[in-house]
2 protein chains.
Amino acid sequence: MANPPVEAASARRQKTRDRLLDAAYDVFADVGVDAAPVELIAERAGFTRGAFYSNFESKSELFVALAERENDRRMEQVQVGLDTVLPSFDGQKLAALSTTDRVDVITGIVADFLALQGDDRQWCVIEAEFRAYALRNVEFGRYLVEHETAMQTQLAEVLERTLLGFGQRFIVDPIVAVRIITTAYKDVTVRGLLAGSDVPAESDSELHTVIASVVALFSEPTSPDAAT
Amino acid sequence: MANPPVEAASARRQKTRDRLLDAAYDVFADVGVDAAPVELIAERAGFTRGAFYSNFESKSELFVALAERENDRRMEQVQVGLDTVLPSFDGQKLAALSTTDRVDVITGIVADFLALQGDDRQWCVIEAEFRAYALRNVEFGRYLVEHETAMQTQLAEVLERTLLGFGQRFIVDPIVAVRIITTAYKDVTVRGLLAGSDVPAESDSELHTVIASVVALFSEPTSPDAAT
DNA sequence: TGTATCGAATACATTCGTGTATCGGATACA
DNA sequence: TGTATCCGATACACGAATGTATTCGATACA
């Protein structure tokens, strides 16, 4: 699944490849992967089918390439995002914050993280396509789980470090806590989209409840006397 | 969306309609909705395309009909399932159970409920298709949210009643708690499918953790002195 | 300036899916 | 037993999408 291009393509070639991938992203979000004609993708990129078949063997090859590009991008974004956000926390005296403020901090991190990971309409649609495809293709399924696990591991580390700043630590596998939070977040986001882009207020409060609860529940003071 | 057939079809007609829907269920799960040719559906039902077009105007009409049939079926299953399960609890002295046993009871109810709601491979694939389609079709999106909300409301009521048997009650909107549980459940189920039908043990324990935690966190004793 | 190469456009053959119009057989009913 | 009706099968016409083979233009390089 992770095959870097062996022969480095020319700059020009790379550019049209990218434009085709950009177009595919749009088209897939608009009409779905299966329903998307190669011609529409090429056309929206400003090319003809000739260019497409000169750059990709088939639509499925492009699909996989797109998945890898998008997933890699978001993984990078998350990593650099964390590198810039985290230092500003580590130095502070997080321990001095009130419980409410702590939850706000966590909520902020999670929201930032998940925004980096992508929460716009198009990406949600694409992700749904990925998921549906993955359920019908074992190899892609494994790849997707791997990617998602990597993302969740990232967030888990951040939360662990932040909790540590509070003098807290998880009492369950942090990745489980992260999964609860992220799936809840996705659920709220998607429901908002499905319902027709209203009820943003309710969504926010729901999210806050979830995050606050998970954090409160799954953590305990690090002071040794509180341990089981 | 909810248009019952005005003119009652003949028994024969209804039968072929059902067989076509059954076939569509399989085919959609196998190759996806968009990629499914009408011919394949008809053929797998033991008919030709002629029968299909005699019974449905188009594939999208069949798609909607299928969604409604499956959703309605599961809603019914859940309702009758609850009617048979609940009485056996209400009479018991649930309050006498230990905390661990209580969690087991809740977990059992949730597992039963979600199994009724459907957790086999095919249904998961179909649901993913529904979701992807819903994100591209406002009307269907609203319908789907409505259905899911109805299901969640059912489970919420059950859990509320059961907690009451424990002398507990939710301190947040029960439907929010239910959503956390169900999305976590779905997540675990789908990840299991994607990873290749192994790790069932790990999945179970993860689920148990989630359910136990949510229940423990979002409820409090009903005794008035414990209220905020 | 000439030439070779690379990359996208074009044209074409073909396959695939759709939808419709018509046919044929079974069933119901007199 | 005859006849009408219902319903699925068959045949056909059309459009859409694919993939490939070839052409054409631009850029790189001598």
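What share of the contacts in chain A between residues at least 6 apart in sequence join residues at least 24 apart? I got 68%, with a contact meaning two C-beta atoms, placed from the backbone, within 7 Å.

Housekeeping before I go on. This is a predicted model, where local features need pLDDT of at least 70 and side-chain atom pairs count only at pLDDT 80 or more, while totals for chains, interfaces and linings use all residues. Residues are numbered from 1 along each chain as its sequence is written, and chains are lettered from A and ligands numbered from 1 in the order in which they are written.

**Chain A.** I looked up the secondary structure and found nine helices and two strands, in the order α-α-α-α-α-α-α-β-α-α-β from the N terminus. Helices (H or I, at least four residues) and strands (E, at least two) are DSSP runs, numbered from the N terminus. Of the 228 residues in chain A, 36% are buried, i.e. have 20 or more other C-beta atoms within 10 Å of their own.

**Chain B on chain A.** I find 35 residues of chain B in contact with 35 of chain A. On the chain B side, H6 (121-134), H7 (138-166), H8 (174-195) and H9 (200-218) each give two or more residues. H8(B) gives the most, 10 residues. By class I get 20 nonpolar, six polar and nine charged; Ala, Val, Leu, Ile, Met, Phe, Trp, Tyr, Cys and Pro count as nonpolar, Asp, Glu, Lys and Arg as charged, and the others, Gly among them, as polar.

**Cores.** A nonpolar core here is a set of buried Ala, Val, Leu, Ile, Met, Phe, Trp, Tyr and Cys residues joined through C-beta atoms within 7 Å. The largest has 60 residues, and Leu20, Ala24 and Ile41 of both chain A and chain B have the most contacts inside it. A second, separate core has 56 residues, including Val158(A) and Leu155(B). Back to Leu20(A): beyond its neighbours within four places in sequence, its contacts include Ile41(A), Phe47(A), Phe52(A) and Leu62(A).

**DNA.** I count a residue as near a strand if its C-beta atom, placed from the backbone, lies within 6 Å of it. Around DNA strand C there are 20 residues, with Ser10(A), Thr16(A), Gly50(A), Ala51(A) and Val38(B) nearest. H3(A) supplies the largest share of that surface, five residues. Around DNA strand D there are 19 residues, with Val38(A), Ser10(B), Thr16(B), Gly50(B) and Ala51(B) nearest. Here H3(B) gives the most, five residues.

Note on methods. A residue is buried if 20 or more other C-beta atoms lie within 10 Å of its own, exposed if 12 or fewer, and partly exposed in between; C-beta atoms are placed from the backbone.
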